[in-house]
Amino acid sequence: MEIEKKYQTALNDLICYLRNSRLLTDVHVETAFRNIPRHEFVPKSDLAYAYYNEPLPIMKNQTISQPGVVSRMTEWLDVKNGQNILEIGTGSGWQSGILSYLVGTGTVYSIERHPELVKFAKENLKKLKIENVHVILGDGSIGYPKSAPYDRIIITAACTEVPLPLLEQLNENGLLLAPVGNTSQSLILLQKTSKGIIEIKNQPNYVFVPLLGKFGKK
Ligand code: SAM
């Protein structure tokens with residue numbers, strides 16, 4: 001996709017920074033970053049900061065995540081063409097757009113609890129003609145059983161513990177990625193195996209807005 005010239009340098013600089021910091025190492029994720037430009041998902045008032053490595057405010061006191069966090073989470077999730085993916089916490093829709101690019105012929109279901117953000121994300125995804133993302137209004141802490149099982153589940157809000165329904169909706173050999181903790185969270189990558197749930201990776205010192213809902217923070 002041709003990205004407007006005024007954003008191209010800023011995007012190149014951001015990618016260069018993420019590569020040098022080892023927050024972006026996978027060429028497919030880099031291509032997704034180039035094809036799903038972050039400025040299409042940032043409120044107009046903050047467009048000048050779209051390619052800063054910073055979270056930015058969206059509506060309802062929520063945030064579009066920091067690019068370095070999105071690149072790391074996307075790399076850990078190891079998305080393959082054709083997979084069925086569930087995202088909890090659509091926010092602006094940027095992470096959903098990146099997943100939609102990587103999943104190709106597959107599908108992304110993304111759940112958001114604020115109607116205003118569902119509308120915002122749908123509009124942003126429509127601008128890029130993205131058709132394989134379904135943004136759904138609801139409580140993502142209970143998952144979305146209708147389209148389960150999922151090959152990948154990504155939670156983009158802080159959980160005190162991984163909601164059980166999400167583990168139940170994960171395919172065998174599927175991966176689930178979530179920030180887990182209270183004030184500060186660890187990014188935890190889990191895999192469902194025939195012998196149960198195993199932890200693949202764990203990295204501390206992340207800060208996300210909380211996951212609310214039935215199996216989230218009350
Ligand atoms: N992935 C988003 C993006 O690319 O812009 C950023 C997500 S933001 C850090 C976390 C989102 O999780 C917020 O939009 C918040 O409203 C949502 N959220 C929190 N609890 C939720 C729940 N139980 N169900 C659905 N969405 C929830």
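**Figure 1. The ligand and the largest pocket of the predicted model.** In this predicted model, the ligand takes up the space of the largest pocket. The elements that contribute two or more residues to the shell around the ligand are strand 2 (63-64), helix 4 (94-103) and strand 4 (107-112). The shell holds 27 residues, and among these Ser92, Glu112, Asp139, Gly140 and Leu212 come nearest to the ligand. By class, the residues of the shell are 9 nonpolar, 14 polar and 4 charged.

Figure 2. In the side chain of Glu112, a polar atom lies 2.7 Å from an oxygen atom of the ligand. Gln95 takes part through its backbone, where a polar atom is 3.0 Å from an oxygen atom of the ligand. At Thr156, an N or O atom of the side chain is 3.3 Å from a nitrogen atom of the ligand. Taken alone, the ligand exposes 600 Å², and 99% of that is buried by the protein.

**Figure 3. The lining of the largest pocket.** The space in the largest pocket amounts to about 590 Å³. Its lining consists of 36 residues, with Gln62, Thr63, Thr156, Ala157 and Val209 lying nearest the centre of the pocket. At least two residues of this lining come from each of strand 2, helix 3 (67-77), strand 3 (84-88), helix 4, strand 4 and strand 9 (196-206). The lining of the largest pocket divides into 16 nonpolar, 16 polar and 4 charged residues.

**Figure 4. The second largest pocket.** A volume of about 190 Å³ belongs to the second largest pocket. Its lining is formed by Glu4, Tyr7, His39, Glu40, Val42, Pro43, Lys44, Leu47, Phe120, Glu123, Asn124 and Lys127. Helix 5 (residues 115-127) provides the largest share of this lining, with 4 residues. By class, the lining of the second largest pocket has 5 nonpolar, 2 polar and 5 charged residues.

**Figure 5. The cis peptide bond at Pro149.** Most peptide bonds are trans. The bond that joins Ala148 and Pro149, however, is cis, with omega at about 5°. Pro149 belongs to the loop that runs between strand 5 (133-137) and strand 6 (150-155).

**Figure 6. The backbone at Arg22.** A negative phi is found in most residues other than glycine. Arg22 is a residue other than glycine with a positive phi, near 65°. The position of Arg22 is in the loop between helix 1 (5-20) and helix 2 (27-35).

Notes. Residues numbered from 1 in each chain as written. Predicted model: local features only at pLDDT ≥ 70, side-chain atom pairs only at ≥ 80, totals over all residues. Heavy atoms only, no water. Near = heavy atom within 4 Å. Polar contact = N/O pair within 3.5 Å; in protein donor to acceptor, adjacent residues only side chain to side chain. Areas by Shrake-Rupley, 256 points an atom, 1.4 Å probe, with all protein chains shown as cover. 1 Å grid on protein atoms, 1.4 Å probe; cavity = no way out; pocket = protein on both sides within 12 Å on 5 of 7 lines; lining within 4 Å. Sits in = over half its atoms within 2 Å of the grid points. Nonpolar A, V, L, I, M, F, W, Y, C, P; charged D, E, K, R; others polar. Points joined across faces, edges and corners; volume = space filled by probe spheres on them.
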